[in-house]
Amino acid sequence: MDKLSKALIPTDTPPERVLQFGTGVLLRGLPDYYINKANQQGTFNGSIVVVKSTDGSTDEFARQDNLYTLVVRGVQQGQPIAENTVVTAISRVWAAQTDWKEILRLAQNPDLQIIISNTTEVGIQYVEESIFQHPPQSYPAKLTAFLYEVFKNSGGSKKRGMVVIPTELITDNGLKLRDTVEKLAKYNELGRLFMKWLKYHVRFCNSLVDRIVTGRPDAERYQQLGQELGYEDNLLTMTEPYRLWAIEGDDRVKEMLSFAQADSSIIIEEDITFYRERKLRVLNGTHTLSVPLGYLMGMETVYENNHHPVMSRFVQQLMLTEIVPTVPTDTMPDAGPAAIEQFARDVLDRFRNPHIVHLLPNILTQQTSKMQARNVATIQRYYDKFGKLPQHMALGFAAYLLYMKAVNVEGNTYYGERSAAGQTQSYPIRDEKADYFYQLWQTVDVHDPASVRQFVHSVCADTMLWGADLSSLPDFADTVTEYLSDMVTLGVEATAAKWLPA
């Protein structure tokens, strides 16, 4: 079978207008897809230079002339979607470790005015280091070095202004990246004129990305797709139909990001709080409250979780009756309530997509910080609005507490246990609060309801953990105690069936 290349699919290379830090599947499945679509429609005419920031080879891209196939599968508003797109928007892929001089030389290109990144959530961190290393170690230092080269080559001209759009999944990612770059500029004594150019002519945009991109599928599915496509593509990338890229910007940003005209799911507005809050509460919040329960019941993927008779009912009721009504209306545009409802139903479609293998253990990393960021305010808002206990949230919170129960410690890794397929399985607890919960669970006699109650009330009352006293919410801690006591005595699935009758 032929391999994907320009010999197989000839393509022109437009001017290089975008610099991208990161080679991950999220970038390939969203920003790169959008730019490719805009090029095909004639609304952008620009290619992407990709920088691989981590160690490793770029040969996998070179062997395919930087082409790859984006395979879209799923259901959107009841309609099955099956699309295959060969993305031709990447012109070159360079490794920062070996090609740093060439990367800096791109600063001389007047067409290049857009920088995109996804370097994981920990990528935007301030580290005191010289930007004159080849290369600097951190992503912000690499970015600062590149911007300084643009400044020097242009003489600080406003015509060489840049738009920087981080897609890392942290709130106010653009503002945090700007702050980090400014600190690095001061540390490296880059001068008052550079700081002025940075302030007035480099726009750092907060952004929110929302698309599940899982990359290359398992061997059997990959082989099937190869037969369907008629060629071999080692960079083949699977994704869902749903997509959203919300970018905070003004008319000047809209003008520079002309590729946004290609797709209505690119939103450029001066305030994207609504889109961020909607995703954080409805999609992410539902995950955080439902995945521990499903995982302890033996589920492995989001798809399984949403096809199990008890769990599918739990997820839908949790989302539609307890989370959706609490999204604050003051963040919403005119069509807000209807947009929230439609978004929730779209999320349920996404959760039920059989083509996307979204593993529950990947969602369960750093569960405690996610619970605080995504769900504590939602729980409080439910009480404020309805004046009563959110029962599904309480059940999900109880399952989270049981998930955090470590029964074994090896080195710095804590392990919990669950029952799956009739067997007891061990799992690593990847959470910075694993030791905190391990120490607390050591004091609990699971067969003594009073001991379990003391544990739950202690955790709920920890304002350092949650930024609030959850034990003060009427019936919350006592109901969580009842659910948790049932889980450790009856079993998780039996407890879910008991409290979520058909």
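Author: Gladly, and please keep in mind that this is a predicted model. The second largest pocket has a volume of about 370 Å³, and of the 17 residues that line the second largest pocket, those closest to its centre are L402, E417, R418, S419 and V492.

Reader: Which elements give two or more residues to the lining of the second largest pocket?

Author: The elements that do so are the strands β15 (413–420) and β16 (423–428), together with the helices α21 (476–490) and α22 (492–499). The largest share of that lining comes from α21, which supplies 4 residues.

Reader: And how do the residues of that lining divide into nonpolar, polar and charged?

Author: The lining of the second largest pocket holds 9 nonpolar residues, along with 4 polar and 4 charged ones.

Reader: Let me turn to the strands, then. What is the order of the strands in the open sheet with β15 and β16?

Author: The order is β14-β15-β16, so that these 3 strands form an open sheet with antiparallel pairing. Because β14 (408–410) and β16 stand at the edges with a single partner strand each, one side of each is left without a neighbour in the sheet. Neighbouring strands of this sheet are turned by 35° against each other on average, direction ignored.

Reader: How many bridges join β15 to β16?

Author: There are 6 bridges joining β15 to β16, and these two strands run antiparallel. In one of these pairings, S419 has T424 in β16 as its bridge partner, and S419 is also among the residues closest to the centre of the second largest pocket.

Reader: Changing topic, how many aromatic pairs does a search of the whole structure find?

Author: A search of the whole structure finds 26 aromatic pairs. In one of them, the rings of Y148 and F151 have their centres 6.2 Å apart and their planes at 20°, so the pair is stacked.

Reader: Where do Y148 and F151 sit in helix α5?

Author: Helix α5 covers residues 139–154, and because Y148 and F151 are 3 residues apart in it, they are separated by about one helical turn.

Reader: Is Y148 buried or exposed, and what about F151, buried or exposed?

Author: Y148 counts as buried because its relative accessibility is 16%, where the cut-off for buried is under 20%. F151 is buried as well, with a relative accessible area of 13%.

Reader: Last one: which residues form one aromatic cluster?

Author: One aromatic cluster is formed by F397, Y400, Y436, F437, W466 and F476.

Methods. Residues are numbered from 1 along each chain as its sequence is written. This is a predicted model: local features need pLDDT of at least 70, side-chain atom pairs count only at pLDDT 80 or more; totals for chains, interfaces and linings use all residues. Side-chain values use heavy atoms; hydrogens and water are left out. On a 1 Å grid over the protein atoms alone, a cavity is a set of points where a 1.4 Å probe fits but cannot get out, and a pocket is an open set with protein on both sides within 12 Å along at least five of seven lines; lining residues have an atom within 4 Å of a point. Grid points are joined across faces, edges and corners, and a volume is the space filled by probe spheres set on the points. Ala, Val, Leu, Ile, Met, Phe, Trp, Tyr, Cys and Pro count as nonpolar, Asp, Glu, Lys and Arg as charged, and the others, Gly among them, as polar. Axes are lines fitted to C-alpha atoms, for helices over the stretch in contact, and angles run from 0 to 180 degrees between N-to-C directions. Rings of Phe, Tyr and Trp (its six-membered ring) pair if their centres lie within 6.5 Å; planes under 30 degrees apart count as stacked, over 60 as edge-to-face and the rest as tilted. Buried means under 20% relative accessible area, exposed over 50%, partly exposed in between (1.4 Å probe, protein chains only).
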